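Biologist: I am new to this structure and would like to go through it with you. Could you show it to me?
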Amino acid sequence: MKSNIEIQHIEKSKIDTVDFDNLPFGSVYSDHMLECDFVNGEWQTSVIKPYAPISLDPAAKIFHYGQSIFEGMKAYKDAEGNTMLFRPLENWKRLNKSAERLVIPQIPEDIFMDGLKKLLEVDNNWIPTNEGSSLYIRPFMFASGIGFHASPADAYKFIICTAPSGAYFAGKVKVLIEEKYARAANGGVGFAKAGGNYAAQFYPTQLAIEKGYNQVIWTDDNSHEYIEEAGAMNIFIRINDTLITSPTSDRILDGITRKSVIQIAKDLNIDVEVRKISVSEVIAAAQSGSLKEMFGAGTAAVISPIAGFGYQDTDYDLPELETPFSGILKKAITDIQTNKAEDPYGWRVML
């Protein structure tokens, strides 16, 4: 079933003011956005309208109780100008999983997918064609209903904004293994893409930056003995020729790039272990020379290699490899995303 979508076109596009050869990440915005309100117990007609500020009552519950969730996606163009998405239904499913945890209404598939496709059609010229660039897509939902009472709101907004973007990270990063602060706790909302998860990361990350690191490697909330995530990304650790990543839990995000890395690695006959990995195991591997690689995996950067890490006032450098798994896996994923390779998994969705 197709959703009804009202379209209000911008009077004059600002696309001519954008330097597509020098795009930052996520700070240049396309002409239009999609907005859909949940009021009186049901979703209303979606509207695609010019990108602009939104007006909210000061008592809107998003400001007071933090009911806010989001997703991160990308759209690509191939050499023939075809537009494609990568596993978009996984983002829709995860948004609703996050919504359930924060008592936000589920977004129907047709509102999400039809709205997204129509928005990309309207702003098709905003999808970059430069190597390494893409159109970053940010669907999000938040409480727009008002009231100072500590309870779920009675009204919500679903919005999709897009931003033509270059690479998220330039080069490798140096990280600090966290020993005090936790990204998430058992029974909490770590598995959800809740805005508050990321707000809580900023302070310990800033402390790490002040020590000369780029990001934090998060450890478990109880003992800080086990590696869980890297910054806002899932983490992979290569010891000898085995790739290890932590199992998902209510503390760890079920990353779409993570799932894709695991599948492709297995199909390339790379040994993959999904299990808990301790900080002590990583330190011992670094000391013995068997620690070959560490990298983050997520939508924005796809794969971000880690050059070294710090722990208890000691820094450990990772070796420079001629053909790292990170490079092989990133190329495999981005080639599928950009239609440069066959897609045996059915992940690529052509529009």
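Modeller: Just after H2, Val 103 takes a positive phi of about 55 degrees. Helices (H or I, at least four residues) and strands (E, at least two) are DSSP runs, numbered from the N terminus. This is a predicted model: local features need pLDDT of at least 70, side-chain atom pairs count only at pLDDT 80 or more, and totals for chains, interfaces and linings use all residues. Residues are numbered from 1 along each chain as its sequence is written, and side-chain values use heavy atoms, with hydrogens and water left out.

Biologist: What span should helix H2 have, and how far apart are its end C-alpha atoms?
Modeller: Helix H2 covers residues 88-101, and at 1.5 Å a residue its 14 residues should span 20 Å. The end C-alpha atoms are 20 Å apart, which agrees. The expected span is 1.5 Å times one less than the number of residues in the helix.

Biologist: Which residues in H2 are buried?
Modeller: They are Pro 88, Asn 91, Trp 92, Arg 94, Leu 95, Asn 96, Ser 98 and Ala 99. Buried means under 20% relative accessible area, exposed over 50%, and partly exposed in between (1.4 Å probe, protein chains only).

Biologist: A change of topic: how many salt bridges does a search of the whole structure find?
Modeller: The search finds 19. A salt bridge is a side-chain nitrogen of Lys or Arg within 4 Å of a carboxyl oxygen of Asp or Glu.

Biologist: Which residue forms a salt bridge with Lys 14?
Modeller: Lys 14 pairs with Asp 31, and their closest N and O atoms are 3.7 Å apart. Both residues lie in the loop between strand E1 (5-7) and strand E2 (32-39), 17 residues apart.

Biologist: Is Asp 31 buried or exposed?
Modeller: Asp 31 counts as buried because its relative accessibility is 4%. Lys 14, at 31%, counts as partly exposed.

Biologist: And what does Lys 157 form with Asp 37?
Modeller: Lys 157 forms a salt bridge with Asp 37, with the closest N and O atoms 2.8 Å apart. Lys 157 lies in strand E9 (residues 156-165) and Asp 37 in strand E2, so the pair ties together parts that are 120 residues apart in sequence. Lys 157 counts as buried at 10% relative accessibility, whereas Asp 37 counts as partly exposed at 24%.

Biologist: Where do the side chains of Glu 273 and Arg 275 come in?
Modeller: They meet in a salt bridge of 2.6 Å, N to O. Glu 273 is partly exposed, with a relative accessible area of 32%, and Arg 275 is partly exposed at 26%.

Biologist: Which residues are joined into one network?
Modeller: Salt bridges that share partners join Glu 35, Asp 37, Lys 49 and Lys 157.
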